[in-house]
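Hi everyone, thanks for making time. I'd like to walk you through one structure today, so please have a look at it with me.

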Amino acid sequence: TNSITVFIILSFVRSLLLPNTSKKCSHFKGELAKYAHVDRSESYLNDIEEKKAEIDREKVRISLKDRDIEQRKADSAVPIEKQCKNYRWFQTEEIISVEFPIYKLCKEQDINLVMSETALSLSINFDTDFTPVAGKFAGNVDTTQSRYSLHSDLNGNYIAMILKKKAEEGTSELWYNFIEGEEESPTIRYRGRSKHFTWKQDPFYFDVNFPLPVHVKKSDVSMKLNNLGKGKFSISLKIES
């Protein structure tokens, strides 16, 4: 009888110290209780560690996503087009297109162009109004697939140049500048037009032409030039009916 009593007591104590593995541990509350169980091998510790590892992996994924967003924001700051004093340019990931305004439409043999993969030098014979352009590219170009041509339209005369970018194989790129060290500024123009007038200029004169109805006489028109200071002017034009 005594041995049976001892066995029962030991069994009761054993059941207290080693609960059934199907019961959740009361020391863990809330969501974590789903993953923490007590058994003889204490495998619940592995469950907890795995959950921690999963949380860490999620943090890494979020961090990488945030970095990707920041990189895209930085990339969006790269200009697609820009104006500089003596030229203007537009780019895609494969090419960069540049226009150099010129006062007089020259001949192709008057153009002095030296271009390598990394730099450019451009000048025009007998045209003192054209400011030579020279410098290092912001990237590399493929000279065998780059070209230039002369153009003349309502907005003036200009040299058009299309350069093929030479990025590493399998990649593309955007440039922050066409020529390193360039400064952004409105590009010089020698003629243009708007809804109400056309204009042209040279180093000494600025001519504006206002088209008028055929019945209007010179005596019916009055014009005033207003000096706004700092080299700025405005024109007041009045037609007497």
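Strands here are DSSP runs of E with at least two residues, helices are runs of H or I with at least four, and both are numbered from the N terminus.

A quick word on where this comes from: this is a predicted model, in which local features need pLDDT of at least 70 and side-chain atom pairs count only at pLDDT 80 or more, while totals for chains, interfaces and linings use all residues. Residues are numbered from 1 along each chain as its sequence is written, and side-chain values use heavy atoms, with hydrogens and water left out.

Back to aspartate 142, which is buried but has no salt bridge. Buried means under 20% relative accessible area, exposed means over 50%, and partly exposed is in between, with a 1.4 Å probe and protein chains only. A salt bridge needs a side-chain nitrogen of Lys or Arg within 4 Å of a carboxyl oxygen of Asp or Glu. For aspartate 142, the nearest side chain of opposite charge is lysine 166, 5.7 Å away. Lys and Arg count as positive, Asp and Glu as negative, and His and the chain ends are not counted.

Aspartate 142 does touch Lys164, Lys165 and Lys166, leaving out residues up to four places away in sequence. Contact here means heavy atoms within 4.5 Å.

Now, where is asparagine 155 found? Asparagine 155 is in the loop between β7 and β8. This residue is partly exposed, because its relative accessible area is 43%. Setting aside neighbours within four places in sequence, asparagine 155 contacts Arg189, Arg191 and Gly192. Its C-alpha atom is 9.6 Å from that of tryptophan 199, 44 residues apart along the chain.

To zoom out, the chain has 2 helices and 13 strands, and buried residues make up 21% of its 241 residues.
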